[in-house]
Amino acid sequence: MSQVIGVIDYGQAGNIFNIRKVFELAKKEVKIVVVKSGQDLKSVDKIVIPGVGTYKGAMESIAPFYQELRDKILKVPTLGICLGMQILSEIGYEFGETPGLKYFEGAVRLMPVKHPVPHIGWANVEVIRPSKILKGVTAEDVFYFMHSYEFINYKDVAGLSNYIDHSFVSVVERDQVFGVQFHPEKSRTHGLKIIDNFLSI
Amino acid sequence: MSKIRVIARLDVKPPYVIKGVHFEGLRKMGQPEALAEKYYWQGADEIFYIDAVASLYQREILFEYIEQTAKSIVAPFCVGGGIRTTDDVARLLHCGADKVVINTAAIANPQLIRDCAHIFGSQCVTVSIEAKRKGDGWECYTDYGRIPSGKDVMDWVKEVQDLGAGELLVTSVDTEGRQKGFDVELMAGISTIASVPVVAAGGAGQLEHIRDVIKDGNVNAVCIASMLHYDRITIREIKEYLLSQEIEVTL
């Protein structure tokens, strides 16, 4: 059966093109709907909150349908990617203090490292507990990261990654809601595993 | 050390990927979408697509070639050349770019870097620095290595970081296309003061050149063009060599 995937639009920012492309590659019977309002959310089966942008900018873009989005996330499978994962937190500190979608506990802060920031490049994901979104992911798989901020969370962590000697949360999961700090839509066949897992839920 | 990224760089004069020496005497190497796909399957960590003439000719960015190139790859895609406004950046993201590369417009209007960082995040903004030796230091050039800007490279590095640049793509105008090695001294100087990742470009001709710029230039990524375009080596072979030199990469 065809699935309707709603991709949240951030206006100027966001990478809907790449999200659309990877979903089309993964499975043909997927319809992508660009979500710009609460009305657009009504018909979707699943939600993708994409990356590229800033915490503050993304929250401003979704402000007109904030409540509808929060309600919908409680009901349907949702995948937050990079920034999209971050705004599922309670609060972010990129360009000031901004409240988030508050699905997961915790805050999003600048990575506390001496290494170059943003962290740009490939890293493994250590699966630390049974996870639907990380099904089939092995210790050798690599995923592409491009982020300056990280999600501080202790309750819903499914995966951890390292930036040199710094360990950070790369995957959160609770019920039918998932957040990945990396970009599955940029992570070759390993990323496609994540997309397939999300489509199978 | 973090995993070093090996990046395939396509300098494009639509509809062809071109290659020159010191950014001059351009030769046709193939079509961007075909080469992007080839290097993707070889294991490129990222693909850089630079429109070599958009700034120089002051013409619009040719989005259709970029979209066409983006279609065949599920890997990071970074696009530059001719970007003047935040709207240009937004359109590029909607054509499949993940990051953008800005040089000429940033030198003319440094505020553009700040605006882009505010809208798209620093991780999306790569500032390209075309550096040419001058006296004891280096000077920034624009328009594909043609026009001196009068700006000192090290001063400019500090300035663009303060404005919110998330990465530096550093090309030596002196070594570009000669395949005789990178300007390691330049890269080392920049790496010392950089708080963001540094990508070295311009000069790779042998595997040892790549090793040296990583080990002695302390860069986070390397851009390879000529060695790949002339089919002298594959990305996979470069990575296997780097591993043998105890440099971490992803295979």
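Trainee: How many residues of chain A are in contact with chain B, and how many of chain B with chain A?

Mentor: Keep in mind that this is a predicted model. Counting the residues in contact on each side, you get 33 from chain A and 42 from chain B.

Trainee: Okay, and which residues make the salt bridge between chain A and chain B?

Mentor: There's one salt bridge in the count for this pair of chains. Its closest N and O atoms sit 2.9 Å apart, and the partners are A:K186 and B:D98.

Trainee: Which element of chain A gives the largest share of the side that touches chain B?

Mentor: α1 (16-26), β8 (119-123) and β10 (143-147) of chain A each supply at least two residues of that side. With five residues, the largest share comes from α1(A).

Trainee: Back to B:D98: why does it count as buried or exposed?

Mentor: B:D98 lies in the loop between α4 (86-93) and β6 (99-102) of chain B. Beyond its sequence neighbours within four places, its contacts include A:N15, A:N18, A:M146 and A:K186 from chain A, and B:F77 and B:L93 from chain B. The cut-off for buried is under 20% relative accessible area. B:D98 has a relative accessibility of 2%, so it counts as buried.

Technical notes: Residues are numbered from 1 along each chain as its sequence is written. Chains are lettered from A and ligands numbered from 1 in the order in which they are written. This is a predicted model: local features need pLDDT of at least 70, side-chain atom pairs count only at pLDDT 80 or more; totals for chains, interfaces and linings use all residues. Side-chain values use heavy atoms; hydrogens and water are left out. Contact means heavy atoms within 4.5 Å. A salt bridge is a side-chain nitrogen of Lys or Arg within 4 Å of a carboxyl oxygen of Asp or Glu. Helices (H or I, at least four residues) and strands (E, at least two) are DSSP runs, numbered from the N terminus. Buried means under 20% relative accessible area, exposed over 50%, partly exposed in between (1.4 Å probe, protein chains only).
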